[in-house]
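Student: Could you walk me through how to read a model like this one? I'd like the general idea each time, and then the case at hand.

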Amino acid sequence: MQTISYSIDVIKDEARQLVESGVVDRQQPIYVLCQFIPPREWICVECELEKNDYLLRDPIIDLLAHEEWEDD
């Protein structure tokens, strides 16, 4: 069985797909994503999020924000 490597870009892509498909809302906390990632791989996701200064209580939109906004 192969383990997926969860870089921050992979996590953001996964979150974007779930929001676009309507499965999760962009205002829900990031920890909601754990429902869609195998439990044994979630710890890797948590570490990657922490390494990139994201908190599990932050809204999912924080992961998507860089693409939602252009010149502010």
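Predicted model: local features only at pLDDT ≥ 70, side-chain atom pairs only at ≥ 80, totals over all residues.

Student: Let's start with helix α1. How many residues does α1 have, and what should they span?

Tutor: Helix α1 runs over residues 8–20, which makes 13 residues, and at 1.5 Å a residue they should span 18 Å. The end C-alpha atoms of α1 are 18 Å apart, so the two values agree.

Student: Which residues of α1 are buried?

Tutor: I8, I11, K12, A15, R16, L18 and V19 are the buried ones. Around the axis they cover an arc of only 165°, so they sit on the same side of α1. The other side of α1 has the exposed residues D9, Q17 and E20.

Student: And what is the general idea behind a helix with sides like that?

Tutor: An α-helix has 3.6 residues a turn, so residues three or four places apart point the same way.

Student: Where are the buried residues of α2?

Tutor: The buried positions in α2 are E41, W42, V45, E48 and L49. Looking down the axis of α2, you find them within an arc of 125°, so they line one face of the helix. R40, E50 and K51 are exposed on the other side of α2. As for length, α2 has 13 residues and reaches 19 Å from first C-alpha to last, close to the expected 18 Å.

Student: Now the core. Which residues touch the most other members of the largest nonpolar core?

Tutor: General idea to begin with: in soluble globular proteins, nonpolar side chains tend to be buried together. Here the largest nonpolar core has 18 residues, and I11, I30, L33, V45, L49, I60 and L63 touch the most other members. The elements giving two or more residues to this core are α1, α2 and α3, and α1 provides the largest share, five residues.

Student: What does L33 touch?

Tutor: Leaving aside residues up to four places away in sequence, L33 touches A15, L18, W42, I60 and L63.

Student: How many salt bridges are there?

Tutor: Side chains of opposite charge can pair when their charged atoms come close. The count here comes to two salt bridges. In one, R16 meets D13 at 2.7 Å, N to O; both lie in helix α1, three residues apart, about one turn of the helix. R16 counts as buried at 16% relative accessibility, while D13 is partly exposed at 37%. The other joins K51 and E48 at 3.1 Å, N to O. Those two are also separated by about one helical turn, being three residues apart in α2. K51 is exposed at 60% relative accessibility, whereas E48 is buried at 14%.

Student: Last one: what is the phi of D53?

Tutor: Most residues other than glycine have a negative phi. D53 has a positive phi, near 65°. D53 follows α2, in the loop between α2 and α3, and is exposed at 69% relative accessibility. After α1 comes G22, whose phi is positive too, near 80°.

How values were computed:
Residues numbered from 1 in each chain as written. Heavy atoms only, no water. Helix = DSSP H or I, 4+ residues; strand = E, 2+ residues; numbered from the N terminus. Expected span 1.5 Å × (residues − 1). Buried < 20%, exposed > 50% of the residue type's maximum accessible area, 1.4 Å probe, protein only. Arc of directions from axis to C-beta. Core = buried A, V, L, I, M, F, W, Y, C linked by side-chain atoms within 4.5 Å. Contact = heavy atoms within 4.5 Å. Salt bridge = Lys/Arg side-chain N within 4 Å of Asp/Glu carboxyl O.
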